[in-house]
Every structure is written in C-alpha cells, then in structure tokens.
Amino acid sequence: MAEKLKKAGFAAAVLFVCGLMYFYGKATDGQRLQKEIAREVIRLHVIANSDDEEDQALKLEIKEEILELLRERLSEDDTVAMAQQTIRDNLDEIEAAASRHIQDKGYDYDVAAELGTSYFPVKEYGDLTFPAGEYKALKVKIGKSEGKNWWCVMYPTLCFVDSAYDVVPDESKEKLKESLTEEEYDSLLTGGDDVEYGFKFLDFFHF
C-alpha cells in the first residue's frame with residue numbers, strides 16, 4: 001500500500017512539473033508576443049474625473065473630441081513612430097480641445113494629456129484580442145482622474161471603430177496586419193486562452 005502511494009505521489013509530482021513547464025512556456029511566449037505587438041500599436045487611455053454618471057458621460061464625449069481631432073492626421077501616418085510624433089505634436093491642441101468641451105458643459109476640470117506607457121488588461125475588438133501588458137498610450141486625465149477608464153487602439157485605426165460593432169472592418173485589420181508579423185497577428189485572432197491561463201498559473205506561484 002505504501003509503495004502504491006509512493007508511486008502515485010511521484011506520478012502526481014511529475015504531472016505537476018510538466019504542467020508547470022507547459023504553462024510557463026505559454027506565459028513566457030505570450031509575454032514575448034505582447035511586447036512585440038506593443039511596439040507597433042498606440043492606445044488611447046481616457047480617465048474620468050470620477051465614477052459619477054455625469055463624469056463618465058463627459059469622459060466619452062472627450063474621447064470623441066480627441067478621435068475627431070486626430071482621425072485624419074493619424075490616417076496619414078505609415079509607421080508607429082510617425083503616429084507617435086503626430087500625437088506629440090498635437091498634445092497642446094488635444095488639451096485645448098478637451099478643455100473647451102469641458103467648459104462648454106459647465107465644468108471646470110483640468111485636463112492633462114501625455115504620451116507615455118500604461119498597463120492595459122485583456123481587451124477584445126470584434127474577433128481580435130489584445131493581451132494584457134504595457135503599451136505606449138496617449139493618456140488623457142480629466143480633473144482628479146479617479147473614475148473608470150476608457151481605452152482603445154488608436155494606431156493602427158481600431159480606435160475609430162464604433163465600440164458597439166462586433167466586427168472590425170477589413171480595412172482596419174489590414175492596417176494592423178501590415179504592422180505586425182504573421183505570428184503576432186495570428187495571436188490576436190486566436191485570443192491566447194492558453195497564454196492567459198499560463199499567466200494566472202504563474203501569478204499563483206509568484207513567478
């Protein structure tokens with residue numbers, strides 16, 4: 001009996017180690033792909049003053065102001081570096097446009113816009129799933145910026161797709177596909193479920 005228990009324990013240990021190696025491989029591969037994808041995209045991150053209904057509605061209006069301002073300008077950029085420079089060149093105008101809209105609505109919130117790096121959770125756009133991780137982003141903070149966030153992919157042009165749509169237009173996909181390798185683009189289509197489980201597995205054991 002003791003010998004059977006010993007063999008069963010050994011088998012369980014082997015399975016555990018194999019599982020650990022599998023999920024570790026998935027997670028590290030997912031981390032590599034996320035970093036490579038992040039080098040080719042820019043996201044928009046708008047943070048509301050608070051979670052009050054009015055502040056949340058204002059956040060969405062400011063988002064639309066920013067997208068309207070940058071829509072044509074970013075469409076002329078062929079690389080992520082060009083898009084980053086376009087955003088940098090327009091930071092003052094972004095803040096001014098947001099401030100005007102806020103004042104027109106009767107609020108006195110300050111607005112701060114910067115191009116930096118932010119952490120984003122997993123996000124789906126139609127049949128594309130962007131992995132969690134650090135991304136270059138245009139961050140726009142409204143007032144105390146203590147409310148819920150709104151985010152999207154600003155470059156390539158997924159940000160300009162209505163969030164109510166479940167399907168990303170082929171034109172937007174092609175723009176994204178041109179910016180990524182085949183492996184990176186395919187990982188967005190598959191959703192990376194195994195990778196997500198791998199991240200959770202490693203988090204549990206504090207890897």
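Glutamate 36 and arginine 32 sit about one helical turn from each other, since they are 4 residues apart in helix α1 (residues 2-38). They also form a salt bridge, with 3.3 Å between the closest N and O atoms. Keep in mind that this is a predicted model.

**Overall build**

- The protein has 7 helices and 6 strands.
- Reading from the N terminus, the elements go α-β-α-α-α-β-β-β-β-β-α-α-α.
- Of the 207 residues in the protein, 43% are buried.
- Looking at contacts with a separation of 6 or more, 73% are between residues 24 or more positions apart.

- Glutamate 36 counts as buried because its relative accessible area is 17%, under the 20% cut-off.
- Arginine 32 is partly exposed, at 32% relative accessibility.

**Aspartate 51 with lysine 148**

- These two side chains meet in a salt bridge, at 3.7 Å from N to O.
- Aspartate 51 is in the loop between β1 (42-47) and α2 (53-75), while lysine 148 is in the loop between β5 (133-142) and β6 (149-155), so the bridge ties together parts that are 97 residues apart in sequence.
- Aspartate 51 is partly exposed, with 45% relative accessibility.
- Lysine 148 is exposed, at 52% relative accessible area.

**Arginine 73 with glutamate 93**

- Another salt bridge pairs arginine 73 with glutamate 93, and their closest N and O atoms are 3.1 Å apart.
- Arginine 73 belongs to helix α2 and glutamate 93 to helix α4 (residues 91-104), so to speak two distant parts of the chain, 20 residues apart, linked by the pair.
- Arginine 73 counts as partly exposed, at 31% relative accessible area.
- Glutamate 93 is partly exposed too, with 37% relative accessibility.

**A negative patch on the surface**

- Asp78, Asp170, Glu174 and Glu178 gather on the surface in a patch of negative charge.
- One of these residues, glutamate 178, is found in helix α5 (residues 170-179).
- Glutamate 178 counts as exposed because its relative accessibility is 63%, over the 50% cut-off.

How values were computed
Residues are numbered from 1 along each chain as its sequence is written. This is a predicted model: local features need pLDDT of at least 70, side-chain atom pairs count only at pLDDT 80 or more; totals for chains, interfaces and linings use all residues. Side-chain values use heavy atoms; hydrogens and water are left out. Patches are made of residues with over 30% relative accessible area and no salt bridge: like charges are joined within 9 Å, nonpolar side chains (Val, Leu, Ile, Met, Phe, Trp, Tyr) within 5 Å. Accessible areas come from the Shrake-Rupley method with a 1.4 Å probe; for residues, only the protein chains shown count as cover. A salt bridge is a side-chain nitrogen of Lys or Arg within 4 Å of a carboxyl oxygen of Asp or Glu. Lys and Arg count as positive and Asp and Glu as negative; His and the chain ends are not counted. The place of a charge is taken as NZ of Lys, CZ of Arg, CG of Asp or CD of Glu. Buried means under 20% relative accessible area, exposed over 50%, partly exposed in between (1.4 Å probe, protein chains only). Contact means heavy atoms within 4.5 Å.
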